Amino acid sequence: MDRIEREEAAYAELANDESLCEWPWGRLCPEHGNTLSHTRRGTTCRHEGCERRWPGSHWKGHCDLPAAVITHSTVKKSGQWRLCAGHRRMFPAGTLARILPTATGEPGTDPAGIGLPDGSA
Ligand SMILES: [Zn+2]
Ligand SMILES: [Zn+2]
């Protein structure tokens, strides 16, 4: 497989994993969100004190953080987006369809602090 085929296979795998965020256009720092910078030495988090480093253009990849919410989408065929907490905070305008439980099985909350249209959670 060439590089593009490998990337596409990796994207499809991430997109099909229902426990993960399905944002295909860039990764986030798992703790600080949209703070990644690209330098010649790789990808770094700009947040003060964050020691996270990734090789190469990690920031450009498909998000692989745990999904926190499902929002309605008018642009996607499936009609919905599965987003991690960081991507939800970046796109708070999406109407929530569902809030997912956390990895530990606790009921989740809306990371953007808006919640479901009917006012629950
Ligand atoms: Zn960070
Ligand atoms: Zn994400």
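Predicted model: local features only at pLDDT ≥ 70, side-chain atom pairs only at ≥ 80, totals over all residues.
Two strands pair if DSSP finds at least two bridges between them.

**The chain as a whole**

The chain holds two helices and six strands. From the N terminus on, the elements run α-β-β-β-β-β-α-β. The C-alpha trace spans about 45 × 40 × 25 Å along its principal axes. A compact globule of 121 residues would have a radius of gyration near 14 Å, and the chain agrees with this because its own value is 15 Å. Of the 121 residues, 21% count as buried. Now take the contacts in the chain with a separation of 6 or more: residues 24 or more positions apart account for 39% of them.

How many bridges join S4 to S5? There are five, and the two strands run antiparallel. S4 is also joined to S6, by three bridges, and that pair runs antiparallel too. Threonine 71 has a bridge partner in each neighbour: tryptophan 81 in S5 and leucine 96 in S6. Alanine 67 stands opposite cysteine 84 in S5. S4 is mostly covered, with five of its six residues buried.

**The other sheet**

A further open sheet of three strands has the order S1-S2-S3, with antiparallel pairing. S1 and S3 (53-54) stand at the edges with a single partner strand each, so one side of each has no neighbour in the sheet. Strand S2 (residues 42-45) is joined to S3 by two bridges, and they run antiparallel. Threonine 43 has tryptophan 54 in S3 as its bridge partner.

| Strand pair | Bridges | Direction |
|---|---|---|
| S4 and S5 | five bridges | antiparallel |
| S4 and S6 | three bridges | antiparallel |
| S2 and S3 | two bridges | antiparallel |

What holds paired strands together? Strands of a sheet pair through backbone hydrogen bonds, either parallel or antiparallel.

**The nonpolar core**

The largest nonpolar core has 16 residues. Those with the most contacts inside it are Cys21, Cys63, Ala67, Ala68, Val69, Leu83 and Cys84. Which elements give two or more residues to this core? They are strand S4 (67-72) and strand S5 (80-84). S4 supplies the largest share, four residues. In soluble globular proteins, nonpolar side chains tend to be buried together.

Cysteine 63 shows what one core residue touches. Leaving out residues up to four places away in sequence, Cys63 touches Cys21, Trp23, Arg27, Leu28, Cys84 and His87. Two of these names, Cys21 and Cys84, are also listed with the most contacts inside the core.

**Leucine 36**

Leucine 36 sits in strand S1 (residues 36-39). Is leucine 36 buried or exposed? A residue counts as buried if 20 or more other C-beta atoms lie within 10 Å of its own. Leucine 36 has 22 other C-beta atoms within 10 Å, so it is buried. Not counting residues up to four places away in sequence, leucine 36 touches Arg27, Leu28, Cys29, Thr43, Cys45 and Trp59. Valine 75 lies 39 residues from leucine 36 along the chain, and their C-alpha atoms are separated by 26 Å.

Technical notes. Residues numbered from 1 in each chain as written. Chains lettered and ligands numbered in written order. Core = buried A, V, L, I, M, F, W, Y, C linked by C-beta atoms within 7 Å. Buried ≥ 20, exposed ≤ 12 C-beta atoms within 10 Å, placed from the backbone. Contact = placed C-beta atoms within 7 Å. Rg over C-alpha atoms; globule rule 2.2 N^0.38 Å.
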